[in-house]
Amino acid sequence: MNYLTRRLVTFPLVMLGVSILVFISIRLVPGDAITAMLGTEAGLLTPDQRAALEAYFGIDQGWLVQYGRWLTGAMQGDLGISVTYGKPVLDVILERFPLTLELALLSMAIALLVGLPAGVFAATRNERPSDLIVRVFAMIGQSTPNFVVGLLIIFILSVGFGVLPVMGAFTPFFVDPLQNLGQLILPAITLGFAFAASVTRIARSAMLDVLSEDYVRTARSKGVPALSVIWRHALPNALIPVVTLSGVEFGYLLGGAVIVEQIFALPGLGRMVLDAILQRDYALVQGSVLFIALNFMIVNLIVDLTYVMLDPRIRLGDR
Amino acid sequence: MQFLRAILAHPSGRIGGVIVGVYLLVAILGLLGVTPHDPLMQFRIDRLHAPNGVYWMGTDLFGRDVASRLMLGISQSFIVAFASVALAATAGTVLGLAAAWFGRGWDGLIMRVMDVLLAFPAILLALLIIAVVGPGTWTSIAAIAIVYTPIFTRVVRGPALSLKTRDFVDAARTFGSSRHYILTRHLMLNLVAPLTVQVTLALAWGLLTEAGLSFLGLGTQPPASSLGLMLSDSRNLMEMAPWLLIFPGLAIMIGILGFNLLGDALRDILDPKMRRAAA
């Protein structure tokens, strides 16, 4: 069985595993969902009212029945009702997802726009002072946690310029693109910082490998201009590791950037999952984690398919 | 000794080694209570005092000495990072070896379970575990260990699979070596190099994840000190007392940088094939 077929076959198995793990673990959280939802008012419920609420949210049966019911629903796109929001889980997720997707795309754009040229530049200046400077910056960038970057950005803005990042109600892109970008640009820079550093390092090392290959030497000896050798001949072949790294990072970012969303008060997927876990919103945790894992695995699959497009020699049969 | 000399001869190894060495010293001193002040002592008259000769890194909102709390925070972060990575490396090695050695059903089962764990973004899985058990130092250790176990399992399984088919393993079998002997001597000894590199890099992630969890209020609990907790506390005071942000922020960054540099150097030294990739 070749690699891609194997991946496709194991895909549903892994998703099943994820769903079982999440289902069990969220039910092991001490306390119950009704009390978490109503707080002290839960004490005022009569046993009948509590039973009715449990039946409404589908948590009145044994675990096995609950799981079976949830899984059947999930396969039909019904992820249950969120206790916290009082509406279908899928609706809640899809309300938050555009922000997370946009933030992930913006961060990746920043990382690639900064990291790729920096990595290529460093590779062409191998072991010279400018290469060393890029490498030092990349290493520092990779070692700086995003919450430190986020807090420093807020600090510099507030102390240096007397302004604070736009927080509060989030404006969707299609309502007001400028305000939307204004809200997302700083979190995107925060997330893109370490991402760009990783892209720089991987692009540099991949370019160094490619630049020492015979066909590049041949192109140079034939008098192809230096820039053309770098950007047209060498870079496309150096892109494979960059694609892998970007894909994996992008997949992670689609899961929501919990800490950065928290710092910039953004209503994204990450914060929603954190709140749902703390609120013991079973349906929302199960649905959103399944959604995140599905995204992550789909992105990884796309990355693998991109390999084949970028390098037709790879058939993925022997991996 | 020769290994140490090789690390010191490597530019990244030298810088990373010194940073990690200094941090280890600070962590031990913090643990032994050798700090400029009592980290929990509240000097109320000196609340939010800027750095000076008495309070090297200033004081916080409660008048506690930031330098002392930073030392304790480094100890705390190191304990969590080292313990979780030790657990993850041990579990990952056992599972990776088992998957490679027993093959077939065992391999499939172990690796699919690891795939399930890898399908979660790391911080999300850690959050889920902490929600189940409740926040605290031990929970952080367990959560980070579970998150990183699949990575170690993969690092061990790949090389172990290829080592298993090598002639020297066949020879050992022919000479009647026990399975335990072959696994612990022949396979493990050959896995030390990739494991050492992975452990060093994982320590950087361990520090990062511990700080992240504490930042969210789900790791180390007050009044104990942690770098992430200190940063979280600085959020509303950074304009008035920037030292509350700058010192813990720098401490986390430099600590992670130290482990990353050391990891890169070790990769160069132990795996010359990776030399370029690590540069």
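Me: How are B:Asp170 and B:Arg173 linked, and what counts as a salt bridge here?

Reply: A salt bridge is a side-chain nitrogen of Lys or Arg within 4 Å of a carboxyl oxygen of Asp or Glu. In this predicted model, B:Asp170 and B:Arg173 form one, with their closest N and O atoms 3.3 Å apart. The two residues sit 3 residues apart in helix α7 (residues 167-174) of chain B, so about one helical turn separates them. Helices here are DSSP runs (H or I, at least four residues), as strands are (E, at least two), numbered from the N terminus.

Me: Before we go on, what should I know about the numbering and the confidence limits?

Reply: Residues are numbered from 1 along each chain as its sequence is written, while chains are lettered from A and ligands numbered from 1 in the order in which they are written. As this is a predicted model, local features need pLDDT of at least 70 and side-chain atom pairs count only at pLDDT 80 or more, whereas totals for chains, interfaces and linings use all residues, and side-chain values use heavy atoms, with hydrogens and water left out.

Me: Are B:Asp170 and B:Arg173 buried, exposed or in between?

Reply: Buried means under 20% relative accessible area, exposed over 50%, and partly exposed in between (1.4 Å probe, protein chains only). B:Asp170 is partly exposed at 35%, and B:Arg173 is partly exposed at 39%.

Me: Which residues are joined into one network by salt bridges that share partners?

Reply: They are A:Glu127, A:Asp131, A:Arg135 and A:Arg204. Within that group, A:Asp131 pairs with A:Arg204, the closest N and O atoms being 2.8 Å apart. A:Asp131 lies in helix α6 of chain A and A:Arg204 in helix α8, so the pair ties together parts 73 residues apart in sequence. Both A:Asp131 and A:Arg204 are buried.

Me: What is the setting of the A:Lys87 and A:Glu95 salt bridge?

Reply: Their side chains meet at 2.7 Å, N to O. A:Lys87 is partly exposed at 28% relative accessibility, and A:Glu95 is partly exposed at 49%. Over all chains, the structure holds 13 salt bridges.

Me: What does chain A look like as a whole?

Reply: Chain A has 13 helices and 0 strands. Its C-alpha trace spans about 85 × 60 × 35 Å along the principal axes. Of its 319 residues, 48% count as buried.

Me: How is the size of an interface given, and how much do chain A and chain B bury?

Reply: Interface size is often given as the accessible area lost when the parts come together. Buried area is that loss (1.4 Å probe), summed over both parts. Chain A and chain B bury about 3,800 Å² between them, 79% of it on carbon and sulfur atoms. The contact (heavy atoms within 4.5 Å) takes 47 residues from chain A and 43 residues from chain B.

Me: How many salt bridges cross this interface?

Reply: The rule finds 1. B:Asp264 forms a salt bridge with A:Arg201, their closest N and O atoms being 2.8 Å apart. On the side of chain A that touches chain B, 32 residues are nonpolar, 11 polar and 4 charged. In that scheme, Ala, Val, Leu, Ile, Met, Phe, Trp, Tyr, Cys and Pro count as nonpolar, Asp, Glu, Lys and Arg as charged, and the others, Gly among them, as polar.

Conventions:
Buried area is the accessible area (1.4 Å probe) that two parts lose on being put together, summed over both.
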